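The stops below are given in the order in which to select them.

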Amino acid sequence: MDETEFWELVDATREAAEGDPEEQADLLVERLLALDPDMVLDFARHFEARFNRAYTWDLWGAAWILLDGVSDDAFDFFRCWLIGQGREVYEGAVHDPDSLADQLADFDEEIDGDGEELGYAADEAYEQLTGAVAPDLGIPPAASEPLGAPIDLESDRVLAERYPKLWERFRG
């Protein structure tokens, strides 16, 4: 599975789920079950690489604004959700987290921002296909700390200055 196929699968399931992350995860498992186990592992590698790439202070600050505070686990689930939004939103957010203010047409913090189940879709599909737990994916692990300069997430002033568009739209 190449990168284009990965994103096509993400997009197709998001659209079919009408943006509901839990429904998207269920659909993703269904679609992955139609593939062979090696393709499912390829999908998992693409997902994990993007998950690790999004482990940055800049994105944590954006998530903090969108969700009115984010724990370590909630930031993990946010990164899964971000991948589930598709290539354009994901790449835009990784490059410029403040751009999420323009990229997200709607954002309901009761539904959006938590894609925990998306993070398990490939593992679940692999296990159903093979009866075994997915092997190590052979990609470098995430950094122990978010990449980039730490941000004082408790400071409204810092967040408003660093993310003016997000702050205006979601907190202003």
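Which residues does Leu-82 touch, not counting residues up to four places away in sequence? Select Leu-82 and look for Leu-59, Val-89, Tyr-90, Ala-93 and Leu-100; contact means heavy atoms within 4.5 Å.

Before going on, note that this is a predicted model, in which local features need pLDDT of at least 70, side-chain atom pairs count only at pLDDT 80 or more, and totals for chains, interfaces and linings use all residues. Residues are numbered from 1 along each chain as its sequence is written, and side-chain values use heavy atoms, with hydrogens and water left out.

Buried means under 20% relative accessible area, with a 1.4 Å probe and protein chains only. Helices are DSSP runs of H or I, at least four residues, numbered from the N terminus.

**Helix α8.** Next select residues 121–130, where Ala-121, Ala-122, Ala-125 and Tyr-126 are buried. Viewed down the axis of α8, these buried residues lie within an arc of 125 degrees, so they line one face of the helix; the arc is that of the directions from the helix axis to the C-beta atoms. They pack against α2 (21–33) and α3 (37–53). Just after α8, Gly-131 has a positive phi of about 80 degrees.

**Gln-24.** Move to helix α2 and pick Gln-24. Its relative accessibility is 2%, so Gln-24 counts as buried. Leaving aside neighbours within four places in sequence, Gln-24 is in contact with Val-10, Thr-13, Arg-14, Ala-17, Gly-84 and Leu-118.

**Largest pocket.** Select Phe-47, Glu-48, Cys-80, Gly-119 and Tyr-120, the closest to the centre of the largest pocket among the 16 residues that line it. A pocket is an open set of points on a 1 Å grid over the protein atoms alone, where a 1.4 Å probe fits, with protein on both sides within 12 Å along at least five of seven lines; lining residues have an atom within 4 Å of a point. The largest share of the lining, 5 residues, comes from α3.

Note on methods: Buried < 20%, exposed > 50% of the residue type's maximum accessible area, 1.4 Å probe, protein only. Helix = DSSP H or I, 4+ residues; strand = E, 2+ residues; numbered from the N terminus.
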